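Have the structure open as you read.

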Amino acid sequence: MLDKTTKYRFKKKLEELKSIRGQHTELISLYIPPNRRISDVMNHLRDEYAQSSNIKSKQTRKNVLSAIESIMARLRYFKEPPPNGMVFFVGMVGEPPKLVAEIIEPPMPINIYLYRCDSQFYTEPLEKMLEEKDIYGLLLIDRRECTIGFLIGSRVELAAYLTSRVPGKHKKGGQSQRRFERLTEIAAHEWFSKAGEKANQLFLEKGDSLKGVLVGGPGPTKREFVNGNYLDYRIKKKIVGLYDTGYTDEYGLRELVNAAANDLEELDVIKEQKLMKRFLNEIKKDSGLAIYGEEEVRKALEMGALEVVMISDALQKFKVKAVCKNCGYEINDVVEKLDINCPKCQLPMEIVEKKDIVEEYAELAEKYSTQFEIIGRETEEGEILYKAFGGIAGILRYKLNGL
Ligand SMILES: [Zn+2]
């Protein structure tokens, strides 16, 4: 598993590469797995070079050839690929054309060899690495409804919703009590079979990625269902626990995850929620230990006074250094948009340095041994962090005066 900061950085880099467009088919993506010999790659590139000399458009030909040359020049520094292999993204971009050349050493080994020349970079294989591997199955059941879903990272997904025809507790007039009970049991058995079949199908599809199954619902029905032979033995083995929830519809899925929090302590989503709860509790107590907002958090962090910093992954902010070419005015600031006009002469300023704010905080946190957490917006707590606290918050090690 990748840690969240690595993942975040990797994701941002891929987004950047993905947004680049070439004028024509002239951007090269080259995937080299760890076991590929550099000399083989060189031979292949020589072939591609020869073929590309036939490209009709002069400009495109020139661009493709210089991209291949650039890759070959860089490859000469390698005796063999790095442990996880490497990926080249190289091409001439923009007007006037400027060479973009990125060598990425992926956080996990790549297993394909691939050369592609296209009007955009081919990033899908790397994006796949970012997909969450750990999945939990969620199942809610009572005698009326059954909802099946998944917990993927911090995201809860609905997969199926079924309703039953099991009669209610009260019998209609005319039927004998015993006959009514027998009919109800038959209907319940059919209902459980139907729900079990759907759950087996959906859960087994996930194979080894399915790390566990949480079962919930009000009252004793869920236990009756699990104890009966409705679930496949491979699914039964993965049941983490049975939990009481008030709802058995889609809303209950999140309730189920929360109810299972103690059994899933190692999951990121649970850690995030706990941390945010602690923060909100400090706010409520007015203990002076909870702080938020870009400026305040940065100040406390740089004083070494911060125990934890929490930052929303939805934050789109940059720390930039910008200079006005006209009057020389310079700003160092945190901004949301990168088109900045000079406050003095109103002309567009040139960005000389740019850093993603999440990146900036990750580095600061490391420097001051502060716990650093990137928090997604998928949970209620994550949404609160983003909306109510501007996406940046922290818990202090000790109370500060005058902050
Ligand atoms: Zn200016």
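Predicted model: local features only at pLDDT ≥ 70, side-chain atom pairs only at ≥ 80, totals over all residues.

Residues are numbered from 1 along each chain as its sequence is written. Helices (H or I, at least four residues) and strands (E, at least two) are DSSP runs, numbered from the N terminus.

**Helices H2 and H3**
- Helix H2 (residues 38-52) packs against helix H3 (residues 58-75) at about 165°, with the axes 10 Å apart; that makes the pair roughly antiparallel.
- Axes here are lines fitted to C-alpha atoms, for helices over the stretch in contact, and angles run from 0 to 180 degrees between N-to-C directions.
- Angles under 35 degrees count as roughly parallel, over 145 as roughly antiparallel, 65 to 115 as roughly perpendicular and the rest as oblique.
- Residues in H2 that meet H3 include Ile38, Val41, Met42 and Leu45, while those on the H3 side include Arg61, Val64, Leu65 and Ile68 (contact means C-beta atoms, placed from the backbone, within 7 Å).

**Helices H9 and H12**
- The axes of H9 (residues 268-285) and H12 (residues 380-388) come within 9 Å and cross at roughly 50°, which makes H9 oblique to H12.
- On the H9 side, Glu272, Gln273, Met276 and Lys277 meet Glu381, Gly382, Ile384 and Leu385 of H12.

**The two sides of H10**
- Val297, Arg298, Ala300 and Leu301 are buried in H10 (residues 294-302) (buried means 20 or more other C-beta atoms within 10 Å of the residue's own, exposed 12 or fewer, and partly exposed in between, with C-beta atoms placed from the backbone).
- Seen down the axis of H10, these buried residues fall within an arc of 165°, so they line one face of the helix (the arc is that of the directions from the helix axis to the C-beta atoms).
- Glu295 and Glu302 are exposed on the other side of H10.
- The cover over the buried residues includes strands S10 (290-292), S11 (306-312) and S16 (392-396), plus helix H11 (357-367).
- After H10 comes Gly304, with a positive phi near 75°.

**Thr248 in its loop**
- Thr248 sits in the loop between strand S9 (239-244) and helix H8 (250-259).
- Thr248 counts as buried because it has 26 C-beta neighbours inside 10 Å.
- Gly217 is 31 residues away along the chain, yet the C-alpha atoms of Gly217 and Thr248 are separated by 5.7 Å.

How values were computed
Contact = placed C-beta atoms within 7 Å.
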